[in-house]
Amino acid sequence: MSPRFLVLLLLPLVSALPSNTSFTITDLTWAAGTPHEVRLKQLLNRGTGESLTVIVSPGGKVEQLALADRGTGKLRDVLQGHSGNASAVWANEHWRGAMLAPFANRIANGTYDFDGRRHYMPRNEEPARECALHGFLYDKPLEVVEEQQAENHAAVTLSHRFGADPGYPFQVQMNITYILERVSVGSSQLRIRVSATNTANDGSEAPFFMGMHPYFKVKDVSTARVVMDRECADYLHVLMAAGAPRACLLYTSPSPRDS
């Protein structure tokens, strides 16, 4: 059985406005026809005005999220995005909003050993640390493989297959599903589902680890808090198929492979 990973993220940000209309998806394009063209999908709750904008290409990441403030009921931008600046998206400054895969954090000297072989990745954090940083997905065009527009949610699934990047020859299919959904009358939330499957079909293992790099908008950084709900725990849980080897993970804590 191919190793398979599933990561589920719930952002506990809900609305307080009534909604009884459907959810929709709209295609958007920035800098169309130029080398900096950016393709996006906007998911909208028409009843509340809440919205989620996802960049399909490049990077498959969240660009914008507007939800209703639970105290005032007014719509509020939750994340720091690129404000329509296509060049800034491609520049990827500070990895704003990036989806990090097939590894997150740093691989020292861009070098690691896996399954008896040494691999060399481009060092994209030079000269400060000479590390391979945050993976390869950030500038990749993703494919839209599924869309759903329903009365209680809108969802879009993006896909990319790794295996052609220097230092990462592993055939891993990654799917990202973004869901803007109603959780009760007048309450919506963003749900993100990520799966990765080793598609080599030759019994070999594949290292994989992912992360996200959102920038949250807050009034006062010194007093801002991130509050986890009952869906979260102190540790990241990675669900793997029965019998899948632990070697399928690239650890980001110090280890012989990345220290």
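Predicted model: local features only at pLDDT ≥ 70, side-chain atom pairs only at ≥ 80, totals over all residues.

Student: What makes the approach of Thr 157 to Thr 177 a polar contact?

Tutor: The two side chains come to 2.8 Å, and the cut-off for a pair of N or O atoms is within 3.5 Å, so the pair qualifies as a polar contact. Leaving aside neighbours within four places in sequence, Thr 157 is also in contact with residues including Val 145, Glu 146 and Ile 176.

Student: How do you know that β12 and β13 pair?

Tutor: Pairing requires at least two bridges, and 6 bridges join β12 (residues 143-149) to β13 (residues 153-161), so the two strands, which run antiparallel, are paired. Glu 147 stands opposite Val 156 in β13, and a hairpin of 3 residues joins β12 to β13.

Student: What lines the largest cavity, and how do its lining residues divide?

Tutor: The search of the whole structure finds 1 cavity of 30 Å³ or more, and about 30 Å³ of space lies in the largest cavity. Its lining consists of Val 62, Glu 63, Leu 79, Gln 80, Gly 97, Pro 214 and Tyr 215, which divide into 4 nonpolar, 2 polar and 1 charged. Gly 97 belongs to the lining, and Gly counts as polar by definition.

Technical notes:
Residues numbered from 1 in each chain as written. Heavy atoms only, no water. Helix = DSSP H or I, 4+ residues; strand = E, 2+ residues; numbered from the N terminus. 1 Å grid on protein atoms, 1.4 Å probe; cavity = no way out; pocket = protein on both sides within 12 Å on 5 of 7 lines; lining within 4 Å. Points joined across faces, edges and corners; volume = space filled by probe spheres on them. Polar contact = N/O pair within 3.5 Å; in protein donor to acceptor, adjacent residues only side chain to side chain. Contact = heavy atoms within 4.5 Å.
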